[in-house]
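Dear colleague,

Here is the structure I said I would pass on. My notes on its aromatic residues follow below.

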Amino acid sequence: VLRETRGRLITAITEEQRASIIDALAEGTSAGENPRVQARAIRETLGLTRKQAATVRAYRRTLEAAPPAPAAAEGEDPKPAPKPRDPKQVDRMVDKAAARALNRRAETVARTEAKAAVHEGMYQGYDQAVEAGVLPAEQMEQKWLAGVPPRTRAWHASMNGQTRPWGEPFTSGHGVSLRFPGDPTAPVDERANC
């Protein structure tokens, strides 16, 4: 199952990466950054989702911005503005943030694909038993059991208790047909971290 479905996920990652790289280039060009700086932004976020990449770039901008001068109490002399952070320190902090985000991304992909493979294998096992005449399809019923938000998508929680005859798909709150949780044929927003 993993071998058969991996192409769809790789395509989705590639499209996500393409959009993330375009975002980094557009931001860098708008800011007048040279290609080396733009390349760093791409390298720091390669492998992340578009949203995660934007968060890492925003974190860098926050760290690179000069901190505001502390407010002086009434009657005191103004306090000097703090020194900006050392660029190497900023790089280390951003690298750590990007590594944490990449670890979360890797765990999400692994969890999503492992769950899809297990459920697809179970589904195929039942389907084979029906085809072999071991299980009578007309006597089988499927029931969707969902958790509660926020761990479960609201549009999946709304499916809780749906029953279907064997082989008939469930319908998510977004109107998407799902054979089971993590269905690899479903769009990513219906199955990631399922």
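**Aromatic contacts**

Trp166 is buried, at a relative accessible area of 15% (buried is under 20% relative accessible area, exposed over 50%, partly exposed in between, with a 1.4 Å probe and protein chains only). The model is predicted, so local features need pLDDT of at least 70 and side-chain atom pairs pLDDT 80 or more, while totals for chains, interfaces and linings use all residues. Residues are numbered from 1 along each chain as its sequence is written, and side-chain values use heavy atoms, without hydrogens and water.

There are four aromatic pairs in the structure. Rings of Phe, Tyr and Trp (its six-membered ring) pair if their centres lie within 6.5 Å; planes under 30 degrees apart are stacked, over 60 edge-to-face, and the rest tilted.

One of the pairs is Tyr126 with Trp166, tilted, with 5.8 Å between centres and 55° between planes. Tyr126 belongs to helix H4 (residues 87-131) and Trp166 to the loop between strand E2 (163-165) and strand E3 (170-171), so this pair ties together parts 40 residues apart in sequence. Helices (H or I, at least four residues) and strands (E, at least two) are DSSP runs numbered from the N terminus. Tyr126 is partly exposed, at 42% relative accessibility.

Ring pairs also join Tyr123, Tyr126, Trp166 and Phe180 in a cluster. Arg179 lies over the face of Tyr123, 5.2 Å from the ring centre (the criterion is NZ of Lys or CZ of Arg within 6 Å of the ring centre and within 35 degrees of the ring normal).

Regards
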